[in-house]
Amino acid sequence: MANREHWGSKMGFVLAAAGSAIGLGNVWKFPYVTGSNGGAAFVFIYLISVVILGLPIMIAELVIGRHTEKDPVGAFKQIAGGTTWEFVGYLGVLSGFFILSFYSVVGGWTIGYIVKSITGSIAGLHDTAQASEIFKQYVANPYLSILYHVLFMASCMYIVIKGIKNGIEKWSKILMPLLFVILIALIVRGITMEGSLEGIIFFLNPDFSKITLNSILSALGQSFFSLSLGMGAMITYGSYLSREDKILHSALWIVLLDTLVAILAGFAIFPSVFAMSLSPQEGPGLIFHVIPAVFARMPLGQFFEVLFFVLLFIAALTSGISLLEVVVAYITDEKGWSRRKAVLVMGSIITLLGIPSALSFGVMGNVTILGNTFFDFMDKLTSNYMLPIGGFFIAICLGWKYGLENTIHELDPDTRFISLKELWAFMIKFVSPFILFVVFFMLIKDDIVALLQKVF
Ligand code: TRP
């Protein structure tokens, strides 16, 4: 397509793609998964999986995107047209649809908590039991959950409607630096508190006896989700790259920034949690149960609390827009709709689809699908099934069906390390599909056993 919009600058692209990657997965999920999996040893495994699984798939998605200059469906039509491989593209767009619908609910909570921390309604909650009670009441309130979910979706739609350069890129260039500044401020606040050293040790000193098969699987799954892989988000962002941009170089930056923010988020959270003698093993509620109690006990707590939830909101927003962009790119490229119409219609449908997820913590708490609330079902379906399957087929399709010889020229022509390209080719053909297959199998094993037990 001759008049396809392109990123305005290489840095703009890297910030936008890093914005997609850096999200609730880094600031909300990574700290609690680390906290529940023994700290530093988990971090160590996470780093390995970023390098051996995340980076090669990241490069593969960007290569497919730039090579075809299409949305995920169009891209697979081009490289494997007329075959069943096309479903990989559809699976990706559908994943974007599903993920955004529940991701936006959590995004909405961050807006609600910005409001709460400004009005002071969560100030002075000294213990986590009180804070978690407030959180439960808040997410159970159907009006507030839906209101903030709608507000979050509206923010994503507002940015995506303006397009690549004047919407996504422009906002990423403002929001991402702001995210870094806030993160640094929170780290300085955390590590200068008395008693914070214990938190740093927990985060840096590995205890390998805590590593189990499950923590390895969580690390692999987490790296995939955190890097926005497996559904064509990076194919879509890659499709707006110009011919001169260097993919290897950009991919390294995106992965580096995403990993850095996950690690920094740990430094922003664990030192304060330990300094306040609270538990790091709180699970998904870590941010919303423990953090208000942390801030309630610290000087200037309310100010830092507002900053913290603004940080979470920014992280969620720049990821939300990438999820929406995948769906919008598909509709505009394949169906020929205008961007405006695609954003308004698809955004509204996703908003509606998110409503049962928003109600999952209250009035629809008893409605379950295969034993999960609607929210958990959407989360599991996408993170455990759709993304690993998508990643597996992306690697297989590129490595075996289309052939790497047709795309390897997309990689930086002047790279001095020819062997780097060969290494990547080896990873995509053999290592990534193998790991993804094993991860997928292990992740669903329990679900299958449970299902079989029900049937028989
Ligand atoms: N990576 C984001 C996070 O860490 C979430 C996300 C955005 C995502 N786009 C995605 C996950 C595409 C998988 C696929 O929160």
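Leu-452 counts as partly exposed, because its relative accessibility is 45%, and this value lies between the limits of 20% for buried and 50% for exposed residues. The model is a predicted one.

**Surface patch**

- Leu-452 is located in helix α17, which covers residues 418-455.
- Together with Leu-370, Ile-448, Leu-451, Val-455 and Phe-456, Leu-452 makes a nonpolar surface patch.
- The area of this patch is about 670 Å².

- Ile-111 belongs to helix α5, formed by residues 86-119.
- The relative accessible area of Ile-111 is 12%, so this residue is buried; the term applies under 20%.
- When residues up to four places away in sequence are not counted, Ile-111 touches Tyr-148, Leu-151, Phe-152 and Phe-313.
- Leu-125 lies 14 residues from Ile-111 along the chain, and the C-alpha atoms of the two are separated by 19 Å.

**Largest pocket**

- The volume of the largest pocket is about 1000 Å³.
- Two or more lining residues of this pocket come from each of α2, α6 (128-140), α10, α16 (374-403) and α17.
- The lining of the largest pocket consists of 34 residues.
- Nearest the centre of the pocket lie Lys-29, Tyr-32, Val-33, Asp-379 and Asn-384.
- Helix α10 gives the most to the lining of the largest pocket, supplying 7 residues.

**Cavities**

- How many cavities of 30 Å³ or more does the structure hold? There are 4 cavities of that size.
- The largest cavity contains about 150 Å³ of space.
- A set of 17 residues lines the largest cavity, and those nearest its centre are Ser-20, Tyr-103, Phe-225, Ser-228 and Leu-323.
- At least two residues of this lining are supplied by each of α1 (10-21), α2 (24-36), α5, α10 (213-226) and α14 (301-335).
- The element that gives the most to the lining of the largest cavity is α14, with 3 residues.

**Elements linking these topics**

- Helix α5 holds Ile-111 and also supplies at least two residues to the lining of the largest cavity.
- Helix α17 holds Leu-452, and α17 is also among the elements that give two or more residues to the lining of the largest pocket.

Terms used
Residues are numbered from 1 along each chain as its sequence is written. This is a predicted model: local features need pLDDT of at least 70, side-chain atom pairs count only at pLDDT 80 or more; totals for chains, interfaces and linings use all residues. Side-chain values use heavy atoms; hydrogens and water are left out. Patches are made of residues with over 30% relative accessible area and no salt bridge: like charges are joined within 9 Å, nonpolar side chains (Val, Leu, Ile, Met, Phe, Trp, Tyr) within 5 Å. Accessible areas come from the Shrake-Rupley method with a 1.4 Å probe; for residues, only the protein chains shown count as cover. A salt bridge is a side-chain nitrogen of Lys or Arg within 4 Å of a carboxyl oxygen of Asp or Glu. Helices (H or I, at least four residues) and strands (E, at least two) are DSSP runs, numbered from the N terminus. Buried means under 20% relative accessible area, exposed over 50%, partly exposed in between (1.4 Å probe, protein chains only). Contact means heavy atoms within 4.5 Å. On a 1 Å grid over the protein atoms alone, a cavity is a set of points where a 1.4 Å probe fits but cannot get out, and a pocket is an open set with protein on both sides within 12 Å along at least five of seven lines; lining residues have an atom within 4 Å of a point. Grid points are joined across faces, edges and corners, and a volume is the space filled by probe spheres set on the points.
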